[in-house]
Amino acid sequence: MSTPEEAAAADPAIAELTDQITKLGVSIAEAKQAQKPKEEWDPLLKEMLALKAEYKTKTGQEYGPKKEEKKPKGNDSQEASDKNKEKRAKKAAEKAAKEERKRMQREERERVQREKLEKLKSAAEDFSHVFGDAPMIQSASKSEEGVNRWTRIEALSKEMEGKKVLVRGFLHTVRGVGKGAFVLIRSSLYTVQCVAFESNDIPSSMIKYMTGVPVESIVDVYGTITVPANAVEAATQFEIEVQVETFHCVHKATAAMPFQMEDACRPDLVKETDVGAYDHEANASTEGGRVGQETRLDHRWIDLRTPANQSIFRVQSMVCTLFREYLLSQNFIEIHTPKLLSGASEGGADVFTLDYFGKPACLSMSPQLHKQMAAACGGFERVFEIGPVFRAENSNTRRHLCEFTGLDLEMAIVEHYDEVLDVLGDMFVYIFDGLKERCGQELQRVKDQHGFEDLQYLKKTLKIDYATGCKLLREAGVEQGDYDDLSTVNEKKLGDIVKEKYNTDFFIMDKYPLDVRPFYTMPDPNNPKLSNSYDIFIRGQEILSGAQRVHEPELLEERARAWGIDVKTIASYVDSFRNGALPHGGGGIGLERVVMLYLGLPNIRKSSMFPRDPRRLSP
C-alpha cells in the first residue's frame with residue numbers, strides 16, 4: 001500500500017489532489033490554534049473530507065501515512081507494566097521518605113523544645129525566689145494583701161516613679177539584647193515594657209529564662225518603676241518602664257501559635273466592603289503577614305487578645321449598658337422571655353426546629369409575641385429584653401448571622417406610634433453620646449487597626465417616610481417603586497443620599513408597604529397598601545425593624561390568614577388580646593449589627609464574639 005507521496009509521484013492528478021488536501025489541513029490547523037469559531041473553519045473541513053473521499057475512490061486507499069502494524073502483546077506489554085509498577089513504587093517510596101523526614105524534623109523540634117524547657121527549669125532551681133515557673137494556682141492559700149498585691153498595668157504612670165509594683169499579664173513580646181532582656185507585658189488594652197540586665201542581683205540564667213519563655217505565656221513581674229529618657233513607643237504606658245527584680249511564669253504557652261499576635265494587630269491596608277456575600281474560603285488563608293478572618297475565628301480565644309478586639313467587645317458591652325440605662329430611666333422594666341417555642345414566633349419558615357419531649361418545637365426567632373403579651377396584655381406597659389435570637393437563614397453575607405443578640409423593646413402608646421419613635425430616637429442619641437464619653441480609648445484602638453469615620457448624627461433624629469426615601473432614590477437615578485421592597489444595595493445608596501443631604505448617618509424611615517412587613521403590623525388607616533411600621537438605619541444599613549402592632553384579635557387573625565399562617569398555631573398569642581389590650585408598638589435591634597456599623601467594620605463576624613453563621617458552629 002502506497003503513501004500519498006508515492007501515489008502523487010505516479011499520477012499528476014493525484015499530486016494536485018494531495019496538495020489541495022495538505023493546504024486545507026494547514027488552514028484548519030491555523031484556525032484552531034487561533035481559537036477561531038468553528039463556523040469559520042467548518043467549510044474548509046467539509047471540503048477536505050470530500051477531497052479525501054475522492055482520493056480514496058481514485059487510489060483505493062485511505063489518505064494518510066501507513067498505519068504501523070500492531071505489535072503482538074507479550075514481553076513489551078509486560079515490560080511497560082513492570083516499568084509502571086517501578087514508577088509507582090518509586091513515587092510511594094519518595095512520599096514515605098518525605099513523611100519520614102517531616103516526622104523526624106517534628107521530633108527534633110520537640111526535642112529541642114524539651115531541652116530548652118529543661119534548661120530553663122534547671123537554671124531556675126537555684127534562684128526560684130527570683131525567677132522560674134510559679135507553682136500552679138489551685139486556690140491552696142491566700143496572702144494577707146490578696147489581689148491588692150498586684151497593680152493593674154493601666155494604672156501605671158510616671159507619678160509612680162520609684163515605686164515597686166507587681167504586674168501580671170500576657171508575655172506580648174520578648175527580646176534579648178546582649179546581657180539584657182526587654183519584655184512587653186499586656187493586660188487587656190494596656191502594655192508596659194519591663195527591662196532586666198545581668199547584675200549581682202540578676203543572674204545570667206534569669207536573662208536566659210526570660211528570653212526563653214514562650215510568647216503569650218502568663219507572667220508575674222515585680223520591679224521598680226522608672227521614667228526612661230525616651231518614650232517607649234511600643235507600649236501604651238510609654239512614659240515608664242519596670243526595672244525587673246523578679247520574673248515568674250504563672251502559666252506557660254506550650255502549643256504553637258497559629259498566627260503571630262503582631263500580625264493579628266496589623267492595621268488594615270484596604271477597606272473592605274460591608275455588604276454582599278462572604279467567602280469563607282477566601283478569608284481562610286494567612287499570607288503576607290495578614291491573618292484571614294476564618295483563621296482568626298478558628299482560634300478566637302487568641303484573636304480576642306488584640307487591642308482592637310478587646311475594644312470592640314468593650315464597646316459592645318457599653319451599648320448594652322447604655323440601652324439598659326436609658327430605658328430604665330424611661331420607666332421600662334427588663335424581662336426575660338422563653339427561647340423554646342411551639343411554633344414560629346413570626347410565622348416564618350426560617351426557624352431551627354427541635355424535638356421537645358416528642359412534640360415539635362423551635363428556637364425563638366424573636367421575643368416579639370411575648371414582649372407584646374407583657375407590655376400590652378400583662379399591664380407592664382414598657383418592657384425591654386437583651387437576649388439571643390435565632391434565624392435559620394442560609395445567608396452567607398457580611399451582615400447576617402444565624403444567632404445574634406437582640407435588643408428588644410415594647411411599649412404602650414396613647415394615640416400615635418410616633419411616641420415609640422421619639423423614645424427610639426432619643427435612646428440611640430443617648431447611646432452614641434455615651435460611647436463618645438465613656439469609650440474614647442476603645443474607639444481609638446479600633447481606629448488604629450480598622451480605621452473608620454466618626455458617626456454623624458443629629459440631636460433630633462431625622463425621620464422620613466418610605467415614599468420620600470423612594471423619591472430620593474429615583475431623583476438619584478435609581479429605580480425604586482413606592483410599594484416595592486428596598487434591596488440592600490438601594491438601602492446603602494439611600495444612606496449615602498441622606499448623609500449628603502442631611503449630614504447624618506443615622507435616620508428613621510416609616511410607612512413601609514404592608515406586604516413587606518410581619519402579620520402583626522398595624523395597617524395605615526389612610527392607605528391600605530401601607531403600614532404603621534418603621535426601620536432605623538446606620539450608614540445605610542438597617543439596625544432596627546419595628547411597628548405599631550395589631551391589638552384587635554379579629555384583625556390579627558385576618559392578617560395572619562393573609563400571610564398563610566394557621567391561626568391555631570398562634571392561638572395563645574391571639575387569645576391574649578381578647579381580655580383587653582393596650583395599643584402598643586416597639587422594635588427589635590441587632591446588637592452585633594449596631595456595633596459593626598457604628599465602628600465602620602466590614603463584617604459582622606468582627607462584632608460577634610463567637611459567631612454562628614451557616615458554616616460555623618464552633619468554637
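This is a predicted model: local features need pLDDT of at least 70, side-chain atom pairs count only at pLDDT 80 or more; totals for chains, interfaces and linings use all residues.

Just after α13, Gly477 adopts a positive phi of about 85°.

## The contact of α11 with α12

Helix α11 (residues 418-438) and helix α12 (residues 440-450) have axes that come within 5 Å and cross at roughly 85°. The angle makes α11 roughly perpendicular to α12, because values of 65 to 115 degrees fall in that class. On the α11 side the contact involves Leu435, Lys436 and Arg438, which meet Gly440, Glu442 and Leu443 of α12. Sorted by class, this contact has 2 nonpolar, 1 polar and 3 charged residues.

## Strand β6 and its partners

Strand β6 (residues 241-251) is largely enclosed by the rest of the structure, because 8 of its 11 residues are buried. Strands β1 (residues 131-133) and β4 (residues 190-197) each pair with β6 in the parallel sense, β1 over 3 bridges and β4 over 2 bridges. Strand β5 (residues 218-226), by contrast, pairs with β6 in the antiparallel sense over 9 bridges.

Strand β18 (residues 541-548) is mostly covered, with 6 of its 8 residues buried. Strand β17 (residues 533-538) runs antiparallel to β18 and is joined to β18 by 6 bridges, and in this pairing Phe537 has Glu542 of β18 as its bridge partner. The two strands β17 and β18 form a hairpin with 2 residues between them, and Arg539 in the turn has a positive phi of about 50°. Strand β18 also pairs with strand β19 (residues 584-590), again in the antiparallel sense and over 5 bridges, where Leu544 has Ile589 of β19 as its bridge partner.

The table lists strand pairings from the sections above and below.

| Strand pair | Sense | Bridges |
|---|---|---|
| β1 and β6 | parallel | 3 bridges |
| β4 and β6 | parallel | 2 bridges |
| β5 and β6 | antiparallel | 9 bridges |
| β17 and β18 | antiparallel | 6 bridges |
| β18 and β19 | antiparallel | 5 bridges |
| β11 and β12 | antiparallel | 4 bridges |

## An open sheet of 3 strands

Strands in the order β10-β12-β11 make up an open sheet of 3 strands with antiparallel pairing. Strands β10 (340-341) and β11 (353-356) stand at its edges with a single partner strand each, so one side of each is left without a neighbour in the sheet. Strand β12 covers residues 359-363 and pairs with β11 over 4 bridges, and within β12 Pro360 is the bridge partner of Asp355.

## Thr306 in its loop

Thr306 sits in the loop between helix α8 (300-303) and helix α9 (307-329). Thr306 counts as buried because its relative accessible area is 1%, under the 20% cut-off. Neighbours within four places in sequence being left aside, Thr306 is in contact with Met261, Ala264, Cys265 and Gln449.

Key
Residues are numbered from 1 along each chain as its sequence is written. Side-chain values use heavy atoms; hydrogens and water are left out. Axes are lines fitted to C-alpha atoms, for helices over the stretch in contact, and angles run from 0 to 180 degrees between N-to-C directions. Angles under 35 degrees count as roughly parallel, over 145 as roughly antiparallel, 65 to 115 as roughly perpendicular and the rest as oblique. Contact means heavy atoms within 4.5 Å. Ala, Val, Leu, Ile, Met, Phe, Trp, Tyr, Cys and Pro count as nonpolar, Asp, Glu, Lys and Arg as charged, and the others, Gly among them, as polar. Two strands pair if DSSP finds at least two bridges between them. Buried means under 20% relative accessible area, exposed over 50%, partly exposed in between (1.4 Å probe, protein chains only).
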